[in-house]
Amino acid sequence: MKAVPISFCLNGHPVSTSIDSDLRAIDLLREGFGLTGVKEGCGRGECGACTILLDGRPVNACLLLAAKLDGCEVLTIEGLASADGTLHPLQSAFLEVGAVQCGFCTPGMILAAKSLLDTCPDPSEEEIAYALSGNFCRCTGYSKIIKAVRLAAQEKMR
Amino acid sequence: MARYITPHSLAEALQILGQEEHCLPLAGGTDLTLLVRDGTVQAECLLDISKLPELIGVQEEGGEIRIGPCTTLADVASSPLLPAALRAGASWIGSPQIRALGTIGGNICNASPCGDTLSPLLVLGGRFRLRSASGEREIPAEAFFLGPKRTILTRGELLVEISLPLTRSSSQDERRSAFQKIGGRGAQTIAQVNLAISAYWKEGILRQPCLAVGSAAPTPIRIPAVERILEGQRLDRELIAQASLRLAAEIRPICDQRASDRYRRSVVQALFRDALASLTGQEAYS
Ligand SMILES: Cc1cc2nc3c(=O)[nH]c(=O)nc-3n(C[C@H](O)[C@H](O)[C@H](O)COP(=O)(O)OP(=O)(O)OC[C@H]3O[C@@H](n4cnc5c(N)ncnc54)[C@H](O)[C@@H]3O)c2cc1C
Ligand code: FES
Ligand code: FES
C-alpha cells in the first residue's frame, strides 16, 4: 500500500504520485521519474552528489523523505537547460573551463552554485567556496569549479 | 511502515502526538530520516511539523527574542535579530544543504553533546517552551539536556518556542557573544569541541561572563569556575592564561574516535582565546 499522496512541481511540470512514507526523495526522482542526474555518493548527507533545489534551496535528496516534496518546487539538473536545449550559463562555464572530469559531482555542484548565484549574483571566491562546501569532488581539486562559477556569474551579469 | 502525518495546525499536531503511542515529531529530518530508515529508531507514525507557521520565524516581542523551533539553521545563521554566537553556531553546522533542511529545534531535541547551537543557547540565557495537549512549561536551556540524546521532553510534548532575553540595556551597553568550533576540517565536520561565550565588555573588563563548552562532557555545560575568574577583572595575558588552564581542568572530555581527551583539553584553550578575541574585537590573544 502506497500510503502518502503527494503533488509537487518537478522541473517546471506539475506531478502527482503516491509513495511509501519511508521512501527517500533520491529514490523517487531516480527510479520513479528516471532523473538519474541525481547521483548517490555517500547516502548520508556528506558528499552533496544528490543535491537538488527545493524551493530554490540546495538540499541532500538522500536525507530527504519524498513525502516532504509535497507542495514544493523541485529542480534537478535535468530541468536546468531551457526547453530548446540552450545550456544554463553555469553549464556552459563548466564545459568551457573544464571543471568536469568524471562528472559524478557535477549536477550537485551546478545546482548548489545556481542557488548561490540566484541570491548573490557576484560572489567572491570565498563565498563560492562556502556555498560549495557541502559538495565533494574527488577529481578536479576545486579550483576550476570555482573559476567556472566566477565565469558564469560574469556571463549572467552581462 | 510508519504513517506520515502532516498536521495543519500546532493544536492538531499536539492532539495527534497525545493520542498516538509511537509517534515521532519530524522537523528537517537530517538526523531522524537515516535513523528511521535503518531501524535504529522505531516509529508507527511520523508527524511532520516542519511547515507549521506557528513554529517558524524569528521575532522580537515582549522584551525577548522568540525563535520558532522549525526555523532552519540557514535562517538562524542569517537573522540580524540574533546574537553573534548563535548565528555563528548555526552557520558552522554541516553544509549549506544541511542548514537549508535542518532546524534549530531539531538540533536542540537531538541533544547531541556536540550540537553547535547548544553552547550558544546556554550562554545567551536561552529558555525553552515545551507544550503538550494538556499543558505547557518553560525551562532554562541548561535544564533540558540529560545526557547524549536524552532530554526532559516527555511523551506528547513538543518544543514550541526558544526565547532569548534582549540584552541591550539603556546605557548602550550590549552583551556581546562569540562561538568557536574545531573539527576535522572546515565544513561538514562534527565538532570535536565547541565553545560559546557572552559578556558585557567595557574598558578592558568583562562583566557577567557566561562560558559554555560542547562535546566536552555528556551534555553541553557551563563552566562557572572560569566565569568567576573572568568576572570584573582586567582582561590581560595573565588572566587569560589562568582562565585557560582552569578551563582545561574543568572539562570532562570523553575520549572517542574523533579525538582524545588530551587533545580536547589542549584545543579548548585555543578556542577560548579565539572566542575572547572575537568577543572583544581584538586580533588575537596568544
Ligand atoms: C552530514 C551531516 C552533518 C551534520 N553536521 C552537524 C554539525 O556540524 N553540527 C551539528 O550540531 N549538527 C550536525 N548535524 C546534525 C543535524 O543536521 C542537526 O542536529 C539538525 O539541526 C537537526 O535538525 P532537523 O530539523 O533535521 O531534525 P530532525 O532530524 O527532524 O529531528 C531530530 C530529533 O529532534 C526531534 N524534534 C525535532 N523538532 C522537535 C520539536 N520541535 N519538538 C520535539 N522534538 C523535536 C525529532 O523527533 C528527532 O528526534 C549533521 C548532520 C548530517 C547528516
Ligand atoms: S549522496 Fe546525498 S550527500 Fe552524498
Ligand atoms: S569530476 Fe569527478 S568527482 Fe568531481
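This is a predicted model: local features need pLDDT of at least 70, side-chain atom pairs count only at pLDDT 80 or more; totals for chains, interfaces and linings use all residues.

A: Residues are numbered from 1 along each chain as its sequence is written, chains are lettered from A and ligands numbered from 1 in the order in which they are written, and side-chain values use heavy atoms, with hydrogens and water left out.

Chain A is assigned domain 1 (3–79) and domain 2 (89–157); such bounds come from an automatic or database domain assignment. Sixteen residues from domain 1 of chain A and twelve residues from domain 2 of chain A make the contact, where contact means heavy atoms within 4.5 Å. The C-alpha centres of these two domains of chain A are 21 Å apart.

The size of an interface is often given as the accessible area lost when the parts come together. Here buried area is the accessible area (1.4 Å probe) that two parts lose on being put together, summed over both. For domain 1 and domain 2 of chain A it is about 1100 Å², with 68% from carbon and sulfur atoms. On the side of domain 1 of chain A that touches domain 2 of chain A, strand β3 (residues 51–54) of chain A provides the largest share, three residues. Strands (E, at least two residues) and helices (H or I, at least four) are DSSP runs, numbered from the N terminus.

Between domain 1 and domain 2 of chain A there are zero salt bridges, a salt bridge being a side-chain nitrogen of Lys or Arg within 4 Å of a carboxyl oxygen of Asp or Glu. Four residue pairs across this interface of chain A are in polar contact, both residues at pLDDT 80 or more. A polar contact is a pair of N or O atoms within 3.5 Å; within protein, one must be able to donate a hydrogen and the other to accept it, and residues adjacent in sequence count only if both atoms are side-chain atoms.

Next comes the interface with the other chain. There, 32 residues of chain A are in contact with 29 residues of chain B. The two chains bury about 2300 Å² between them, 59% of it on carbon and sulfur atoms. A:Arg57, A:Leu63 and A:Lys68 supply 28% of the area that chain A buries against chain B, more than any other three residues.

Two salt bridges are found across the interface of chain A and chain B. A:Lys68 is in a salt bridge with B:Asp48, with 3.2 Å between the closest N and O atoms. The interface of chain A and chain B also holds 14 residue pairs in polar contact, both residues at pLDDT 80 or more. On the side of chain A that touches chain B, β3, β4 (57–60) and α4 (125–131) of chain A each supply at least two residues. β4(A) gives the most, four residues. By class, this side of chain A has 14 nonpolar, nine polar and nine charged residues. Ala, Val, Leu, Ile, Met, Phe, Trp, Tyr, Cys and Pro count as nonpolar, Asp, Glu, Lys and Arg as charged, and the others, Gly among them, as polar.

Finally, residues from chains A and B surround ligand 1, so the site is shared between chains; a residue is near a molecule if one of its heavy atoms lies within 4 Å of it.
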